[in-house]
Every structure is written in C-alpha cells, then in structure tokens.
Amino acid sequence: MAESELVPVPVQVGEKRGCSEDKEEDAPAKKPKVENDCENGGPPHQDESEEPEGEASDGEEDGETFADMMKHGLTELDVGILKYVSDHEGFSGILKERYSDFVVHEINKQGKVVHLDDLSIPAEAEEVPEAEPQPKECDVLTEEQKKQLGELQFFKNKEGNVSIEIMDDTKEKRTLVHKAIKTQFPGLETKTEEKDGRKFIVAYHAAGKKALAEVKTTAAPRKHFWPKNRGSFCHFVLYKENKDTMDAINVLSKFLRLRPNMFSYMGTKDKRAITVQEIAVLKITAERLAHLNKCLMNLKVGNFCYKNHPLKLGELQGNHFTVVIRNISGTDEQVHQAMTSLKQTGFINYYGMQRFGTTAVPTQHVGRAILKNDWNEVVDLILKPRPGAEKEFLVRCREEWAKTQDPEAALKKLPNKRCVEGQLLRGLSMYGKKNIVTAFGQIPRNNRLMYIHSYQSVVWNTMVSRRIEAFGLKAVEGDLVLRGTAAHVLTAEEAETHSIHDIVMPLPGFDVIYPSHHIGKGYRELLSADGLDIDNMRHKVKDYSLAGAYRRIIIRPSDVHWEVIEYDDPRVSLVHTDFEKLENKPAPVFNKEGKYRALRMEFSLPSSTYATMAIREVLKLDTSIKKQTQLNTTWFN
C-alpha cells in the first residue's frame, strides 16, 4: 500500500490552555512504561512518548538539527511493521499538532469511561476523635501570615521560610497552626523551633533544597487520625495536560510529602496528550487532595471517594480516545472508506514505535544481548558513543567511557545519575567490570525487562507481518486460538468456523506453543539467526527467563465515531475537555466552510494496544519519528 506523502508529526510544542504550564522542573525522574501509547494497562516499563522531548538536551547543543539527528533512528520496517489490512487510499494529515488533539479517557474495570466532572469533597459520617469544640483552622493565621505563606508556596521565596510565633503556647494550638498551614498551603512543610525561650512554627517549601537539607528525611511520618469506617484508600480522578503519569505522581507526592509508591493506578498514560485516569492513594483525605487544585499546574484532581483497596496495574478494560488529525488531504469519500474499514475490520495489533526507543541503539538489540548472556555486549550497547539525538552530558559520558573504560570517571560527566547509563555506571563502579550481571541489576527491574520485552515485540511484529502476507485476513489450518488461557491449534474444519479476529500469535517463550504451519517454523529460524534457541528460553538469571504470551493479531475498535470539521484558527482546540466543561467554557464551534479541514475520530481500545497503530491504518503512514521528521521537514520548508 502506498504511503501518504505527509505524515502526522508532534511538532508544535507550545500550547496555552486552561491549566497553565507546570513549573515543577525538579520533579524526580519518571519511571519508564510498558507497551503504552496512552492505552496500556500493563506495568510501566518504557518511556514511550512519541515526541522527541525526552531526548532534548538541557545542557549544550551540538548544533545538529533534530531532522539531522533523527536520520539515525528506526523506521517501521526496522521493527517488523509492514502490512495494512485495508485497501483504501491513504491521505495526509498532522497528528498531535497540539497536545489537545490527543485526548484519552481510561475505561475502568466496570467498563465505565472515567471523567473528571466533580471537584467536591464527599460527605461522610466521620468519627470525631475529640468532642471538645476546636477553633477553625482559618482562625489561627493572620492575613499577613497567609500572604507570606502564599508567596512561599508559589515559589516566590522558595529557599526561605516563614516563622510564626506561638503566643500562649500549648500543644493544641501548635497542632492547629501546623494543620492550618499544611491544609491551606499544600507543598509547605512545618517544624517547631525554640528561640530565646519562645516557640515558633517555621514553614518552608518542601521543594526547597536548603529547606530539605535542614529536615531529617528519615523522620517517621506523623500519625493522623483516620476513621475506622472510612476506606483506607482515597480514589480520585487525575486530569493532566502534557505530562506523563509518573511526572504527575511525582508532583502530587512532592506537594503531599509522600513517597510516589503510596499512589497506585491501572495504567500509565502518554505525555503529549490530555488524559483522564483513576488514581488511589493511601490515607490521604479528599480535602487535602482538593486543596492541591489551587496550586497544581496542568493537573486537576476530583471525583473523590474512599475504598478499602488500591488500584492494580492492568485492571482497566481499556481507553477511549478522541483524536484530531489536522490539515487532512483526503476527500470525504476517502475518510469514509478509511474509518468504515477501521470500524468493521480493525487494524493489525502491532507493537508501536514507542516500544523500541528513539535513539540509534534500539532497545531490542540490548534485549537480544541479555538473552544471549552476552553481558559485555549489553554494556557496550548502553554506554558506547552513538550517533543521533543525545543530551550533551550523555555524549561526554559516552566519550569518557570509550576512552578510559573507567565507570567512576564516566559517571562524573553525568549531572543526573538516575538515568540508565548512570545506574549502570554506578553498578560497575560498585561491583567491578567482572561482575556485570550484578552491576546491571542496579537498573530498576522494569527498565531491565523493557529490553527483553522489546526483543519479544519485534519478533512478534515480524512474524505477524509474515502471517498476514502468507494467509491474508482469514483463519487457516495451523493458526492458534485461545481456549481459556491455553492456545489451541486449529484444524482445517475448525478454521472454517473462526475469523481473523479470533487468531492469536505467540511472543516467544518457554511456556507457549507456535502455529503448526510454516510461520511457526519461522519463529525458530528468526531466533536461531539471532543466536538464540527457541527450545531453551529459560535464562540463568530468573528475571530474564521468558515465559511468552499470546496476543490477538487484529483488533477491532469499539465505539467508533468520526466527523470531518472545518476551522480557520489553527490555535483553537477542537475538543471540549473535562476541565473546560467544569469551567463552563463553551464547546468549540465549527464553520461550514473554513481554511483548514480536520478529521476528529473517537474509538475505544482494550489495554495494551496502540492507538498510533489504529491511526496508521487510517492514514496509511509510517509512524516512526525518523520518517515523520524527514517528510514533515520537507513539508514545513
């Protein structure tokens, strides 16, 4: 099938919307995510953002344009993404021109689409620990003190503090002041100090480096009263703009002074998007969370309720997408054919480009080296100098490693030691270059598994392309279907009663079977060419033993709707978001005739499937950053 001449590209980054841009730039490093393009319900393990923002230098630039740097990246051909299921003609368009063009609503395990539509605090019959009436929290702070605390809260005095003298000192009065500051000014922390015989409560910003240095980080958390009849977990809806899930949780945990692992969720969501999902946190009141809405940037929380259980990864049923493709070239008839095919037939359930990284060293190559037990190759692939988009300090680190092979010297070139390179170098420094397996273990487990999962994914993509090429869109003898959790090989007679939507293909591992036709033999040949034995997928290190899994080869989205809209102002949002509805802002109004045409589509997908692969099927495009950048650089010029 012919590719369209222009492809979607996440290009224009600056976008001003209802929530102003977040200034929390010193949030902890985000965790990677697993097979996720906003739609994932699996455990987080890979940074899958489609745009190159994760690779942008915050140090010196080497002068290359982004297009020059991305010429070393992957294309879909490199990761086995080769086929389409429909025969309509592709057309051009721009995907994610604005992050508000990609809106994702989680579908919870009850099948309900999650929305942020209520900011109120739930009424409940709380047990009151003390019967005596207490002064209201707002009564214990003067207006001048509130002004000073407000300035401290909003970073105007980040490294300073505010001291409040406690007159007629009692423990009860101090407790009220502590509580009033933390409740009314989220992000501030307090401590009691005594000076010249007088008691002061000192408020400081939890994000201030000097303030943090002065506080014992190992101090036990204070115990707050929690009613027995209230669920231990506060569940809430998180609305976020242009921020990934772990970044958002890091911001919340900083303001609430919690560890990030106190939060639980069902799936991670894409950064360059507007997303809505459910989060749970242990023993934090809805009131404290609601107060954060006064100071959160690009985030809102609401729809609070208390339950007795956290959320678990993968519990969601899927995600509902609203996607805008701007500047489309297709006729109304082309759009109708493409969307009707998506609704009736679906798309090939490929692992998307986010699975394989954006740098010149693909993650699946590291995964293959791990599975081959070639640990020197693992270190070389991760640390060696590479062409393409790199932060300047990473370039210097790699050059130092190539020159000296000294992990401590290379580590000194990194201002942030939490990146994969820094974690591996720290491990090599601690355990030596003769104990690479242990050194590699310094990288968080999810990040390590990312590498071998990406290898499995490229094998799956490649074999599914061969399966579609060989047999098309019908079930055939030797194909696999699931019966419960076990796979069954179809006979010729059984194949007549099944459709392509029933067929699964295995990710390679020790606990799966393979199709009995020649595609099954292709798995063995492919792994053998990579130096691996398909009959021995157990690894000396248990974490790297691959059990395998089954994945449907064709996915048919549900709740598919679309419309072609015309507009004049490219800066205007074309989607009415939950936040805009809460603010009573009007929905976008479209012209009957306009300068520009856009395709606005909605559809729902199960977890662990990639929305970009559905969009690829509609537009007939290569979704890789490399290809998008090449074609769109020409287009913008």
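How many bridges join strand β17 (residues 558-567) to β18? Select both strands: 8 bridges join them, and the two run antiparallel. Strands pair here if DSSP finds at least two bridges between them. The strand labels, like those of the helices, are DSSP runs numbered from the N terminus (helices H or I, at least four residues; strands E, at least two).

The model is predicted: local features need pLDDT of at least 70 and side-chain atom pairs count only at pLDDT 80 or more, while totals for chains, interfaces and linings use all residues. Residues are numbered from 1 along each chain as its sequence is written, and side-chain values use heavy atoms, with hydrogens and water left out.

**Stop 1: around β18**

Display Ile565, which stands opposite Ala598 in β18.

**Stop 2**

Select the open sheet whose 3 strands follow the order β3-β5-β4 with antiparallel pairing. Its edges are β3 (161-165) and β4 (188-195); each has a single partner strand, so one side of each is left without a neighbour in the sheet. Direction ignored, neighbouring strands are turned by 25 degrees against each other on average. Angles otherwise run from 0 to 180 degrees between N-to-C directions, and axes are lines fitted to C-alpha atoms, for helices over the stretch in contact.

β4 and strand β5 (residues 198-205) are joined in the antiparallel sense over 8 bridges; the partner of Lys191 in β5 is Val202. Contact means heavy atoms within 4.5 Å. Helix α3 (residues 171-184) also lies across β3, β4 and β5, running at about 150 degrees to β4.

**Stop 3: Leu119**

Move to Leu119, in the loop between β2 (102-107) and α2. Leu119 is partly exposed, with a relative accessible area of 37% (buried is under 20%, exposed over 50%, partly exposed in between; 1.4 Å probe, protein chains only). Leaving aside neighbours within four places in sequence, the residues in contact with Leu119 are Asn293, Val301, Gly302, Phe304 and Leu582. A C-alpha to C-alpha distance drawn from Leu119 to Val301 gives 7.1 Å, across a separation of 182 residues in sequence.

**Stop 4: helices α8 and α9**

Select α8 (residues 363-371) and α9 (residues 375-383), which pack at an angle of about 165 degrees with axes 8 Å apart. That makes α8 roughly antiparallel to α9 (angles under 35 degrees count as roughly parallel, over 145 as roughly antiparallel, 65 to 115 as roughly perpendicular and the rest as oblique). To see the contact, show His365, Val366, Ala369 and Ile370 of α8 with Trp375, Glu377, Val378, Leu381 and Ile382 of α9.

**Stop 5: the sheet β13-β12-β14-β15**

Finally, select the open antiparallel sheet of 4 strands in the order β13-β12-β14-β15. At its edges, β13 (486-489) and β15 (549-552) each pair on one side only. The twist averages 55 degrees from one strand to the next. Within this sheet, β12 (residues 480-483) and β14 (residues 503-507) pair over 2 bridges, and Leu480 stands opposite Val504 in β14. Helix α14 (residues 445-471) packs on the sheet, touching β14 and β15, with its direction at about 145 degrees to that of β14.
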